Amino acid sequence: MPELKRLHAGHAPAVLAFELANRTYFAASISDRGDDFFDQFTDRYNASLAEQEAGICAFYVLLAEDGSVLGRFNLYDLEDGTARLGYRVAERAAGRGVATATVRELCRMATAMHGLRTLRAATSHDNAASQKVLAKAGFVPVGPATPADLGGKSGTWYQRDLQPRQPPAADPPQPHHR
């Protein structure tokens with residue numbers, strides 16, 4: 001059974017293998033990370049761990065039984081109860097509900113572990129799979145995403161409120177006068 005784990009230094013080789021094995025697959029629906037990402041992988045990975053340690057971001061990997069990475073699920077810019085969600089799932093796990101189930105799990109964890117109330121995610125117009133995942137996980141479209149938001153592509157921002165908004169407190173009952 002796959003398991004969602006907080007990213008740590010020991011995951012680096014499996015994360016790099018995941019990114020390399022799925023680079024072409026990812027580039028078909030999202031912007032390619034570029035050669036610099038791979039050339040500077042160790043420095044970037046360590047910078048991500050530092051951001052996580054500082055509480056700016058929270059990074060997770062979905063691990064298969066053999067320790068290989070099936071997906072990455074990230075919360076960026078944790079601030080004021082809100083964060084951005086980003087995720088990518090290996091081609092070998094795509095189309096089987098893995099992304100939807102893991103996004104739902106991360107939504108629960110975002111509240112319980114990070115105190116988040118709202119998650120936002122952007123996906124391009126041509127990434128139908130990601131749009132379906134977000135909709136099935138309870139996200140609703142909230143407005144346009146620009147090419148700057150999506151690495152050169154246009155799309156839509158989605159949002160999910162994680163904690164139901166509390167209704168305003170009712171006025172306390174007034175004593176009855178006779």
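Gly97 is partly exposed, with a relative accessible area of 40%; buried means under 20%, exposed over 50%, and partly exposed in between (1.4 Å probe, protein chains only). Gly97 sits in the loop that joins strand 4 (82-89) to helix 5 (98-114). Its C-alpha atom is separated by 8.1 Å from that of Val133, 36 residues apart along the chain.

The model is predicted: local features need pLDDT of at least 70 and side-chain atom pairs pLDDT 80 or more, while totals for chains, interfaces and linings use all residues. Residues are numbered from 1 along each chain, and side-chain values use heavy atoms, without hydrogens and water.

Helices (H or I, at least four residues) and strands (E, at least two) are DSSP runs numbered from the N terminus. An open, mixed sheet holds seven strands in the order 1-2-3-4-5-7-6, where pairing requires at least two DSSP bridges. Strand 1 (3-6) and strand 6 (140-145) each have a single partner strand, so one side of each lacks a neighbour in the sheet. The twist averages 25° from one strand to the next. Strand 6 pairs with strand 7 (155-161) in the antiparallel sense over five bridges; Pro144 has Thr156 as its bridge partner.

| Helix | Lies across | Angle to strand 3 |
|---|---|---|
| Helix 1 | strands 2, 3, 4 | about 105° |
| Helix 5 | strands 1, 2, 3, 4, 5, 7 | about 35° |

In helix 1 (12-21), Ala12, Val15, Phe18 and Glu19 are buried. Seen down the axis, these buried residues fall within an arc of 125°, so they line one face of helix 1. Pro13 and Ala21, on the other side of helix 1, are exposed.

Note on methods: The arc is that of the directions from the helix axis to the C-beta atoms. Axes are lines fitted to C-alpha atoms, for helices over the stretch in contact, and angles run from 0 to 180 degrees between N-to-C directions. Contact means heavy atoms within 4.5 Å.
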